[in-house]
Amino acid sequence: MKITKVRTQLGEQHMPVSVELDDVVARMRSETTKAAAETIAANALLGRLVTEKGGPHYPLGGTDRLPYLLFSATFGRNGFEQPRTFTQLLLLDIPCPDGARQVEEAKQRVAQVPYTLLAFAGVSGVTLKVVVRCAYADGQEPWNTSSPQSLEVRTSHYLTFLRQAQMTACELYRVLAQCSLTVGEPSLTQGCRMSHDPQLYYQPQAQALPVVRLSNNALAAYAGTRTDDDGTVIWYPDYSERKRLQMEFQTCLSKSIDDCATPEAEKLSIDEQAEHRLQVLADYCQKAGLPEESCTARALWTRHFQLLGADAIRKTFRTAYKKPYNGRPQSQMNEKERIIRFIEDFLSRRYQLRYNTVKGITEFRPNDLNFKQWAPLTDRQLKSLVVEEMKEGGESWMNDIRVYLESAHIQDYNPIHELLAGVGEWDGKHNYIEDYARRLPTRYALWPKYFHRWFLAMVAQALDLNSDFGNSMVPMIIGEQGTQKTQFCNHILPPSMREYYMKDIKMDNAEQVERVLGRMWLVNIDEYDAKTPREQAKIKRLLTEKDVQVRKMRSDQYTMTPRLCSFIATTNDQTPLPAGDGTRRYLCVEVTGMVDMSGHIPYRQMYAQAVTELQQRDCIYWFTSDDEREIQKHNSQYQEESSVFSVLQGIFQPTSEHKRENLWQVKDIQKELARHLRTTDIPSLKTLGLTLKQLHWERGGNNGIRGYYLKLK
């Protein structure tokens, strides 16, 4: 098994090298490392230990004989940017402030754990380093699958594995080895300095610690949710349940009327008869286990009790249903507990409440069988709640209710997750996503396939499936006015999600931009050609952001929020992309006719297809390197032609004769251009270098001079 060794010299890191773990263990046991290790330990005690570039470096030259060791991955000549292999080894750090004796005791305990591959004293003498072999319990290695994944994606999968392995290993070693651990964020470059430990523990046949793959199913909390064909969540009970509750209430009502039909009741006044009948009804409903608020609402609609008034009806049911809080009567509570429990009981009976995590607001609706839509809890509505609570005999003030409503006692709710959980199963009869893409007429044959990929990335973005990067592709729809290209964008989200769709984004307010990234699911950059080059550069930067910093109102603190937003764009310009290589973030598609927005859009099946495909392990919802090369090649016809580009092609031509006189440096090319152009039109060396790179002309070197092999036309 190989790990990585990084040699240092005077605080500078050299190129990483892959070495056999057996050779490293042998060196740590040998006497050649003893002197350097003792020097480091002495300096560590003096407080002269410093940390640079993710690992410790020491100012004394003797420490250069002890390299830095990385266990979780191997690296080579390409440096730390491109790992060669993922070793599935995890480094744990056990602090031992009492020194050598405590280190040896901890080493003996971790040696009893069958997953310990290596345990050795840290170079400072006050830590024990433990290397654990790990593997997913199901045997899967998503970073080594046969599906075409970019290095970025594979690394992301592996880092997720390391985090879960660290959680499992730390809990296990705390219990079995009875030791505390120093825990940090795992990384591929996390390691330690080689040390001298003749009595280190090494077991090459150590078992792999089974790591339980933690579920990242954001939809589990919304199990049982249903939507209609338009993608609108059905928030009311089904007909059979509503019918059952109504029949049970009618049974209780009939029994109360029969029980009150006595000679004694006939002697009472009409009001007294209604009060008596209502009390009996409330008792029957309570014993039948029917919801208090729904029974109160039905009683309010019943003609027998309408003359009593809403307040009397509500108090009668409240008296019948009233019970101790958690088995404790109010007499055993102090004033604060009594108030907050009354608030909690009142709100849970009378209203449904949820905290919209996307909007960052509390929403409510009455629990009165009218099945109204959810609405934001405005200040006006809050005051109405306070009035209703006081009418029931509550002693709280608005601030008391506000504290409860703004607390974590209100359940979090994500409307997009609720939608995706409620769409159900994909019927598999059609590729509904690509069917929607074909509503847009174009000659680009790969458009349905790439729209499908982008649509999956948009849904994956909402589910926060990627931990390191976001949906960085923007479909650019090019066409004349009146072709309904904007309508195509407007209808990608179902009607119930249109409040999470924005038709444009203003780039001049940085805080607003960051808020939009975490608040909107889809942004249409309408009329992209109207954006200034500076705004276009900002948009391109936003595409690669995974998390955004958002400052809440009336707060000076910024919090990291997962990016939700994906982008699509429209333009009338036939060449909307600037000259250069930076076009891989856009997918240009030219409209050749009217977009067909007629007929029903099967939103439920579109999103059910996306969710079903994303749940498959081999699903690719990002654009691979091959895809990006194809897109760049396709996009070349939609780029502005640089004047420098055309001038260069008019003056020079590449040659296969690799002679010294044919080798042109960039500065020499600039001088030649100066003979043909006005002074104001001569490009800078930077612009010229970028343009030459776009031409893909052959580069070479001669006696240390680098340039391009060219001939004058």
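Which residues in helix 15 meet which residues in helix 19? In this predicted model, where residues are numbered from 1 along each chain as its sequence is written, H452, F455, L456, M458, V459 and A460 in helix 15 meet M606, Y607, Q609, A610, E613 and L614 in helix 19, contact meaning heavy atoms within 4.5 Å. Because the model is predicted, local features need pLDDT of at least 70 and side-chain atom pairs count only at pLDDT 80 or more, whereas totals for chains, interfaces and linings use all residues; side-chain values use heavy atoms, with hydrogens and water left out.

By class, the contact of helix 15 with helix 19 has nine nonpolar, two polar and one charged residues. In this classification Ala, Val, Leu, Ile, Met, Phe, Trp, Tyr, Cys and Pro count as nonpolar, Asp, Glu, Lys and Arg as charged, and the others, Gly among them, as polar. Two packed helices are described by the angle between their axes and the distance between the axes. The axes of helix 15 and helix 19 come within 10 Å and cross at roughly 80°, which makes helix 15 roughly perpendicular to helix 19. Axes are lines fitted to C-alpha atoms, for helices over the stretch in contact, with angles running from 0 to 180 degrees between N-to-C directions; angles under 35 degrees count as roughly parallel, over 145 as roughly antiparallel, 65 to 115 as roughly perpendicular and the rest as oblique.

The protein chain contains 23 helices and 30 strands, where helices (H or I, at least four residues) and strands (E, at least two) are DSSP runs numbered from the N terminus. Of its 713 residues, 46% count as buried; buried means under 20% relative accessible area, exposed over 50%, and partly exposed in between (1.4 Å probe, protein chains only). Among contacts in the protein chain with a separation of 6 or more, 72% involve residues 24 or more positions apart.

Helix 19 (residues 603-614) is mostly covered, with 11 of its 12 residues buried. The buried residues include Y603, Q605 and V611, and their cover includes helix 13 (415-422), helix 14 (432-437) and helix 15 (447-462). From first to last C-alpha, helix 19 reaches 17 Å, close to the 16 Å expected at 1.5 Å a residue; the expected span of a helix is 1.5 Å times one less than its number of residues.

E392 is found in the loop between helix 11 (379-391) and helix 12 (398-405) and is buried, with a relative accessible area of 17%.

H196 occupies the loop between strand 13 (191-193) and strand 14 (201-202) and is buried at a relative accessible area of 17%. A polar atom of the H196 side chain lies 2.9 Å from the backbone oxygen of S30, and the side chain of H196 reaches the backbone oxygen of M28 at 3.4 Å. A polar contact is a pair of N or O atoms within 3.5 Å; within protein, one must be able to donate a hydrogen and the other to accept it, and residues adjacent in sequence count only if both atoms are side-chain atoms. Leaving aside neighbours within four places in sequence, the contacts of H196 include R29, E31 and A37.

In strand 30 (residues 705-712), K711 counts as partly exposed at 29% relative accessibility. The side chains of K711 and E657 are joined by a polar contact of 3.3 Å. K711 and N662 are 49 residues apart in sequence and 6.2 Å apart in space, C-alpha to C-alpha.

A137, in the loop between strand 12 (127-136) and helix 4 (151-176), counts as exposed at 56% relative accessibility. The C-alpha atoms of A137 and P210 are separated by 4.6 Å, although the two are 73 residues apart along the chain.
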